[in-house]
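Hi everyone, thanks for making time today. Let me put the sequence and the model up, and then we can walk through the fold together.

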Amino acid sequence: MAFTVTYADRDGGGPARLRLAGELDMSSAPELNEAIDRLAAAGQRRLLIDLAELTFCDSTGIAVFVRGDNRAAEQGGWLRITGATGRVERVLKVTGLADVLGYGSADPGPDDRVGMG
């Protein structure tokens with residue numbers, strides 16, 4: 001399955017939202033990095049990434065999530081992930097990112113790091 005990154009409309013001024021579908025790996029990670037960089041350059045400090053349609057994520061994809069969160073944190077913001085299932089959810093739990101980047105409240109602060117659900 002081809003990898004896609006889709007920008008979703010913001011709900012009432014909430015965080016910027018990206019929806020990922022397909023496989024996030026070494027060949028597709030630059031596309032996600034570019035999307036995150038564009039949003040950061042546009043002044044978006046809060047980013048929510050929906051992984052419901054992501055079917056695979058390797059260590060390169062994990063690195064993109066960490067890099068994105070670090071970049072957002074430098075500007076007083078955050079990157080959170082939501083909707084992971086199956087193998088992707090398992091990888092996030094094993095690596096600890098489900099706890100670190102999990103989205104569990106309407107508007108998490110920089111220190112609000114809760115689980116995937």
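Let's start in the sheet, where strand 2 and strand 3 pair in the parallel sense over eight bridges. Two strands count as paired if DSSP finds at least two bridges between them, and strands (E, at least two residues) and helices (H or I, at least four) are DSSP runs numbered from the N terminus. Within this pair, Arg-17 stands opposite Leu-48 in strand 3. Getting from strand 2 to strand 3, the chain passes through helix 1, and this β-α-β crossover is right-handed; that is, with the strands pointing away from the viewer, the path from the first strand over the helix to the second runs clockwise.

A quick word on what we are looking at: this is a predicted model, where local features need pLDDT of at least 70 and side-chain atom pairs count only at pLDDT 80 or more, while totals for chains, interfaces and linings use all residues. Residues are numbered from 1 along each chain as its sequence is written, and side-chain values use heavy atoms, with hydrogens and water left out.

Helix 2 carries the chain from strand 3 to strand 4, in a β-α-β crossover that is right-handed. Four of the five residues of strand 4 are buried, meaning under 20% relative accessible area with a 1.4 Å probe, protein chains only.

Now the whole sheet: four strands form an open sheet in the order 1-2-3-4, with mixed pairing. Strand 1 (4–8) and strand 4 stand at the edges with a single partner strand each, so one side of each is left without a neighbour in the sheet.

What about the inside? The largest nonpolar core has 26 residues, and among those touching the most other members are Leu-20, Ile-49 and Phe-65. Such a core is a set of buried Ala, Val, Leu, Ile, Met, Phe, Trp, Tyr and Cys residues joined through side-chain atoms within 4.5 Å. Ile-49 touches, among others, Leu-18, Ile-36 and Leu-79, not counting residues up to four places away in sequence; contact means heavy atoms within 4.5 Å.

Finally, confidence: the mean pLDDT of the chain is 88, on the predictor's per-residue scale from 0 to 100. Over residues 105–117, pLDDT stays under 50. Where pLDDT is low, the predicted coordinates should not be read in detail.

Notes:
Buried < 20%, exposed > 50% of the residue type's maximum accessible area, 1.4 Å probe, protein only.
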